[in-house]
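Look over the structure first, then read on.

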Amino acid sequence: MRITASAHYQFDTAEGAEEYGKLLPPGGYMVHVLDKDTGSVQPYTVTLFHQMKCLDILRQEYLALEPGNTPSPVTHHCLNYLRQSILCRPNIRLESVKNTVGTAIRDYESVCMDWTKVYEEAERNYGVFLDWNETRGDI
């Protein structure tokens, strides 16, 4: 995926909300892993999906927050979580400073990793978990 300026992911439109919703796989942001020692299925969150979920939570809270109100505990969690994620995996390229109002776009091409397989595996995992949950048998 190449990063460019986009009209997508507007924070305050129905289309933007739908686009944010589609950042997660159809089964949500959790995957389930069989613990071979106990035979139980344990839920986990894929970091990529957790980050996308937090972005959407921040978007929703930004829209709903009224002056004088404080952000929710989940918003505090998401801000801290995203801060930690950025600090652990930073992009340290230099970016030109075009203006001070936040409308500048990157003047270099940035190529992201292909995460298609992560989404495919999460969808497969969700299907397996549903089947296992319905039959209460082995995965």
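Q: Which residues of helix α1 (residues 14-21) are buried?
A: This is a predicted model: local features need pLDDT of at least 70, side-chain atom pairs count only at pLDDT 80 or more, and totals for chains, interfaces and linings use all residues. Residues are numbered from 1 along each chain as its sequence is written, and side-chain values use heavy atoms, with hydrogens and water left out. Helices are DSSP runs of H or I, at least four residues, numbered from the N terminus, and buried means under 20% relative accessible area, exposed over 50%, partly exposed in between (1.4 Å probe, protein chains only). In α1 the buried residues are Gly16, Glu19 and Tyr20.

Q: Within what arc do the buried residues of α1 fall, seen down its axis?
A: The arc is taken from the directions from the helix axis to the C-beta atoms. The buried residues line one face of α1, because they fall within an arc of 100°.

Q: Which exposed residues does the opposite face of α1 carry?
A: This face is turned away from the buried side of α1. Its exposed residues are Ala14 and Glu15.

Q: Against which helix do the buried residues of α1 pack?
A: Contact means heavy atoms within 4.5 Å. The buried residues of α1 pack against α2.

Q: Is arginine 59 buried or exposed?
A: Arginine 59 is found in helix α2 (residues 47-64). Leaving out residues up to four places away in sequence, arginine 59 touches Gln10, Phe11, Ala17 and Tyr20. Its relative accessible area is 9%, so arginine 59 is buried.

Technical notes: Helices (H or I, at least four residues) and strands (E, at least two) are DSSP runs, numbered from the N terminus.
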